Amino acid sequence: GGEPARRRRGAPESLVQAVRARNEWLRQAEEERRLLEEQRLRTQEEERCRLEEERQREEEARAREREARQAALAKRRAEARAARAARAAEAARRRRAAAAEEAEVEAETEAKAEAEADAEAEALAEAEADARSEGVEESEEEEEGEDEEVEAEEPEEPRAERLKEEEEQEAAGTLPAAAERRTARAAEEAADRRKAEVLRQRAAAEDRAERKAEEEASRRAIRAAAEGKARAEAARKRVEEAAARKAAEEAARMLCRASRAEAAQPAAQQDGSDAPADEAVEQWKIRRLVHALELVRSSGYNSMLSMIIGCKDSLVQANRVLADSLNACDTLQLHAHKVQAQAIIVSAMQRLKLYRQTPRNGLAIFCGFLAAEGGRERKVTIDFEPFKPINASLYRNGKTFFTEELRELFSEGEQRFGFVIIDGAGALFGALQGSRREVLNRFSVDLPKKHSKGGQSAQRFARLRLEKRQLFVRKAAELATQLFIANDRPSVCGLFLAGCADFKAELARSEALDARLEALVARPLLDLSYGGDSGFHQAIELASAQLRDVRLVREKRMVTRLLEEIAKDTGKYCIGVRDTLQALAMGAVGTLILWGSLELTRLLFRHPHTEAEQVQYVVPEDSADERLTTCPETGAKLELLESVPFVEWAVENYRSLGAKLEFVTDKSQEGHQFCRGFGGIGGLLRYRVDFEAFDEPSATEADGPDGGASEEDSDEDFA
């Protein structure tokens, strides 16, 4: 019985050896698989580096080609300018030659006229000499016949005078002969012809000179108009460039302040220790930040990094992309470019380390070197979570920040509503999205009215009227389909039909209206008193209950409430900069209403001797006033500690002031009245405040006629 027992004891030992061999084989297989995976990853990394290097080389080649094309274009432009200058010089030379030729022709014409006049004078002199040498051979009958002919030609009065003069000359014995009279008459006629020719030539020369002067004046006027237009265009471009440069500098300063603020308290943002901010305020901050990111420009190289991480992406993948880009920076040739690229990537990686996981709505990181004031470079790093979930991913470097994905998020985050205002005069199609109201299309129509005329044709007239109404409704339905359906789906989340007649009901019942839009028609239909733009405004007001979440309706409701308080004169309101700031200092403001584009700056000064701080609020027109930086009592120069737009300061401190912040725009009628009429700042108070009591009394009111207190002021009034 010993051998079977030994076999039974050896069976487990062989099983253990088999298990050990199998484990060893599995370990070797796992090691081989791991080695193959590492080799595959190395191959992928090498391929990625190679592709990145090729992309960099292609970008550099494209940049060189672009520079070469720009140089060639500049050369061609210079050659074209030189050719134009040469053509202008040739044209001027030809004009001068033509003017010289005209002057020569005029001189030759005048010389020829003078020569002809001299020849005629010589011929007349010769004829007179011949007549005198021949003598007087005509008979008196011929003389009398000639005299009768002359008398017949001449008028009565000159002829009588001439006859009387001839009788006197005959009595005196000085009557000239007929030949002499003919010679004198011929000489006078020749002189008259020469004089007329000279006058004609002079008039022709004056006409040519006038035409030439008019042409020259016209050319000068055209040249002056072109120069004036060019100067105006250049001035407009300079103004636009100055405005853009000023806006970019202001945006760079705002981004620097935001970067310093985020760097100072990133932990609080990550831990969620701050109380949740109002959604409208957060949206305004992000919109303003994105607008500033679009305005700034790089200092030269592609040193601006834009990175957007979708809400479904992981931070590990984002860190891997940044690490690959950091390794690819070694391929850059210029040391300055390499240093800047590495700096912005490292800053982005450090900012990513502050997040344990991807935020709920995604993450946007912008880092780069900005061209600040004085030609200096400032590095900023901005990171924030969008107010709506974002699914797009982006990683790009360039000379500007790329914010297109965020802009699309802004437009997608707000609901869009359609409006159709239809009546017997025409139809208007509009859309409302956020605080933006736009008219998409409109057309007018001339429909026949009801009448009792026609006799036997009355039914035909009624049928024609009904057909035109149906065609009008069908056209409105087809146009609504074109405007409110895009990519085979409705582009609005609600459609309001409004009007002052029964056309809106006919449009809602029409078979021509698309079924997808018919399902979005809001009930009940809106009855209006007007059509066109006025009807559009009234329709928005009537639909305010269904549009309570739209920004434009919220703004209209807030400003309307303020206007009602002003109309009732309850004293629980404040408008204007002075009263609003005074109410904020008192803590009486319950709701602070601000225009998002309010141009008001908060300046914080410190006295150099007393170390006392002083706050002043100025508009851009008064910012250059030297009296702001001078102490009125001592004349000392105050030190400027901080200069911040009042809107940004209010966004950061409205909670500490115990107020609720609301933003308005000037896109509605009420908002435009608030922004332009009330200065863009106001508020609703918790309790009544008499601001006139805080006004400083004038010298005439505080002192009596003798310079002291007046007798009418009692101790009770003083108290």
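Student: Which residue lies over the face of F402?
Tutor: R396 does, at 3.8 Å from the ring centre. Keep in mind that this is a predicted model.

Student: And what sits over the ring of F443?
Tutor: The charged end of K475, 4.4 Å from the centre of that ring.

Student: Moving on to ring pairs. How many aromatic pairs turn up in the whole structure?
Tutor: A search finds 11 of them. One of these is F472 with F503, whose ring centres are 5.3 Å apart. Their planes are at 80 degrees, so the pair counts as edge-to-face.

Student: Where do F472 and F503 lie?
Tutor: F472 is in helix α10, residues 458–484, and F503 is in helix α11, residues 503–509. The pair therefore ties together parts that are 31 residues apart in sequence.

Student: Is F472 buried or exposed?
Tutor: F472 is buried, since its relative accessible area is 3% and the cut-off for buried is under 20%. F503 is also buried, with a relative accessible area of 4%.

Student: Which residues do ring pairs link into a cluster?
Tutor: F417, F419, F496 and F536.

Student: What about C329, buried or exposed?
Tutor: C329 has 5% relative accessibility, so it counts as buried.

Student: And C675, buried or exposed?
Tutor: C675 counts as buried too, at 5% relative accessibility.

Definitions and conventions
Residues numbered from 1 in each chain as written. Predicted model: local features only at pLDDT ≥ 70, side-chain atom pairs only at ≥ 80, totals over all residues. Heavy atoms only, no water. Buried < 20%, exposed > 50% of the residue type's maximum accessible area, 1.4 Å probe, protein only. Phe/Tyr/Trp six-rings, centres within 6.5 Å; stacked < 30°, edge-to-face > 60°. Helix = DSSP H or I, 4+ residues; strand = E, 2+ residues; numbered from the N terminus. Lys NZ or Arg CZ within 6 Å of the ring centre and 35° of its normal.
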